[in-house]
Amino acid sequence: MSVVRENRESCLILWIDNPPVNALSQEVRAAILAGVTAAASDAKVQGIVIACKGRTFIAGADVKEFGAPPTEPFLPDVTAAIENSPKTVVAAIHGQALGGGLEIALACHYRVAAKGAKLGLPEVTLGLVPGAGGTQRLPRLIDPIVAAEMITSGKPVDAARAQASGLVDAIAEDHVAEAVKFATTKSVAGRRLSERAFQLDAEKFEALAAATRKQAKGATAPGAAIDLIRRTAGKSFVEGMREERALFLHLRSTDEARALRHIFFAERASSKAPDDIGDVKPADIKAVGVIGAGTMGTGIAMTFLDAGLKVRMLEMSDEALSKGLARIQSSYQDSMTKGRITEAQRDQRVGAVSGSTDYASLSDCDLIIEAVFESMDVKKTVFKQLDAVAKPGAILATNTSYLDIDEIAASISRPDAVVGLHYFSPANIMKLLEVVRAKRTSPMALVTALAVAKTTNKIPVVAGVCPGFIGNRMLRAYVREAGLLLLEGATPEQVDKALTNFGMAMGPFGVADLSGIDIGYKARKEMAPGSFEPMAVTVHDKLVEAGHLGQKSGSGFYTYTGGAKAPNPAALTFVEEARSKAGRAARAISDAEIVERTMLALVNEGYWIVEEGVARSLDDIDVVYVNGYGFPRHRGGPMCYARQLGLGNVVKSVTGFGEGSYGKWWPISPALAKAAAAS
Ligand code: NAD
């Protein structure tokens with residue numbers, strides 16, 4: 001780290017150079033403070049510019065200091081020193097000005113941005129509020145409602161929007177030269193935000209408050225930020241700062257902030273190659289092949305097209321191929337209409353995909369991903385044909401959800417080229433990618449898969465081979481308990497509501513309707529009889545047999561008429577029938593019990609998975625659940641949640657479930673018992 005002082009004309013430029021993202025470490029804070037203080041009494045210096053070397057302005061706090069007690073100089077003191085400087089201070093922003101970085105910029109008297117810069121206060125995503133004036137200066141600079149939106153959503157805005165709102169004063173090609181001009185020609189008069197006041201438009205603000213609470217799905221930081229802004233509107237800056245700091249310090253030690261920090265670090269760790277891999281460089285991936293242009297294949301193709309790669313699709317028939325390509329086209333058309341991409345981007349992406357029914361078209365692809373029907377025979381046939389045409393060194397991936405990748409790999413002449421790339425639907429949207437390391441997957445195939453995840457903006461987690469890998473294997477336990485709760489007295493709606501109130505994006509029965517109840521039904525036909533609990537799926541089976549397949553047939557656990565979702569009376573009848581078949585009387589079941597049963601099913605299975613080496617760590621499991629299964633991020637994932645409950649309590653409950661009627665599904669994981677004993 002260094003902060004270099006450059007004198008340019010009568011301007012002092014403080015160049016921050018703290019790679020990779022110019023994080024606001026203690027040393028950087030101290031150097032900015034020292035620079036600003038020295039310039040104040042230097043008659044030769046007329047103005048000060050704070051600029052950064054490398055790819056970005058200050059992109060936030062130093063992650064090494066996350067969760068630790070703040071160290072001097074405290075950021076609010078640094079921002080106060082900047083703002084109180086008698087010399088004009090200008091922030092020259094390129095890349096990202098996030099969190100503390102934007103708070104530094106807000107303390108400056110002017111802000112000049114380079115094109116493409118992004119500015120934001122993402123603290124709520126870590127369970128916090130800005131702690132160095134962000135919540136007080138921003139509403140004093142721009143429309144307080146727009147400010148409150150930025151603070152409560154945590155989402156950054158681009159330079160153009162920032163300029164339109166008044167957050168930046170200019171956008172310039174040479175942002176540093178422009179900032180120097182500002183610093184040497186403009187006065188500080190009227191530019192200290194602490195000297196301004198802000199008031200809220202009550203109606204608009206309360207509408208935002210209500211929307212914020214809804215979107216937060218149980219996370220408390222966004223609501224705390226709203227309350228803070230409401231409370232401090234009209235108050236003095238000094239009072240506002242005091243309240244902001246107190247809230248910031250309080251939130252840092254909440255379970256929510258801990259959980260969000262946990263998942264932040266877990267996501268960074270999950271993309272690292274396993275320790276035993278050694279120093280292997282990933283292969284260069286230029287051309288990608290995708291086999292099967294169905295739901296998953298088209299989504300996977302778009303993931304690569306979005307990242308600027310070329311994709312070749314392969315299908316069984318011209319008809320299926322055209323259908324798949326048309327789906328890609330209409331999806332990009334839709335994105336363009338919604339303003340998410342430009343016309344040029346649409347043309348570029350649509351132009352980068354081609355298709356064929358001839359395997360020879362894949363002969364120069366560096367990576368080929370198979371997403372055909374979930375059948376071992378079909379997959380083996382596809383891999384055999386691939387084996388015959390793929391170039392040496394090509395990586396051959398399968399998107400199978402449950403099938404044995406070792407068996408697929410063993411069926412061809414180059415098993416080391418085979419890796420699982422398990423995407424989640426919709427594949428171009430969902431962040432999670434399970435990278436399945438089969439017995440013979442080469443280190444090169446594995447590191448390339450991890451590198452591909454990065455270039456395509458996915459969060460990878462390495463999994464071993466077992467039915468369902470990490471996520472779907474755990475899901476089975478969760479879905480089983482949800483199904484058994486119906487027999488004991490709960491309704492599908494009650495189960496779903498309890499879990500969405502807990503923070504899950506959807507409940508298990510809503511999910512079943514969305515993906516099609518028949519999918520699981522068909523899959524169970526192929527499964528060994530003792531491998532699942534038939535009583536947990538009696539309602540599912542009855543629904544499918546009566547033609548209630550879920551949303552696609554207009555009804556499942558719910559009915560969907562005219563866009564309105566309501567409990568399906570047929571499903572409730574099947575629940576009653578299943579209860580009497582199981583010989584059980586309905587009892588009152590609390591939402592807390594629903595959450596406990598389903599969550600601890602995930603937790604116990606998660607420990608088993610780590611114990612068996614299918615997942616590398618408990619943290620990886622949390623990454624899977626938060627990014628692939630709609631688990632509430634602010635709870636940090638199921639394994640983090642278990643620790644917050646206390647592992648001793650978890651063991652007690654799991655042991656209790658093990659003594660119930662379906663106790664055979666609750667063999668306690670020795671790793672869980674051991675961890676509880678050690679905690
Ligand atoms: P899908 O039925 O929508 O698409 C499969 C496509 O593969 C069809 O277009 C079909 O014409 C084509 N196909 C079949 N055999 C082929 C062959 N021999 N050669 C070329 N093309 C062939 O199915 P999907 O939902 O996209 O699932 C595909 C795979 O992805 C399955 O293995 C599934 O388990 C897995 N998967 C699905 C999801 C999901 O949510 N749908 C999620 C993760 C993984």
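Predicted model: local features only at pLDDT ≥ 70, side-chain atom pairs only at ≥ 80, totals over all residues.
Let me begin with the ligand. There are 21 residues around the ligand, and those that come nearest are Met296, Glu315, Glu374, Lys379 and Ser401. If you look at Glu315, you will find a polar atom of its side chain 2.5 Å from an oxygen atom of the ligand, while in Ser401 a side-chain N or O atom is 2.8 Å from an oxygen atom of the ligand. Thr295 takes part through its backbone instead, where an N or O atom lies 3.0 Å from a ligand oxygen. How much of the ligand does the protein bury? The ligand taken alone exposes 830 Å², and the protein buries 77% of that.

Turning to the elements that form this shell, helix 12 (295-306), helix 15 (376-389) and strand 15 (418-423) each give two or more residues, and helix 15 gives the most, with three.

Now to the cavity. The structure holds one cavity of 30 Å³ or more, and the space in the largest cavity is about 40 Å³. Which residues line the largest cavity? They are Ala477, Arg480, Ala601, Asn604, Glu605, Trp665 and Trp666, and they divide into four nonpolar, one polar and two charged. Helix 18 (471-488) and helix 24 (591-611) each supply at least two residues of this lining, with helix 24 giving the most, three residues.

How values were computed:
Residues numbered from 1 in each chain as written. Heavy atoms only, no water. Near = heavy atom within 4 Å. Polar contact = N/O pair within 3.5 Å; in protein donor to acceptor, adjacent residues only side chain to side chain. Areas by Shrake-Rupley, 256 points an atom, 1.4 Å probe, with all protein chains shown as cover. Helix = DSSP H or I, 4+ residues; strand = E, 2+ residues; numbered from the N terminus. 1 Å grid on protein atoms, 1.4 Å probe; cavity = no way out; pocket = protein on both sides within 12 Å on 5 of 7 lines; lining within 4 Å. Points joined across faces, edges and corners; volume = space filled by probe spheres on them. Nonpolar A, V, L, I, M, F, W, Y, C, P; charged D, E, K, R; others polar.
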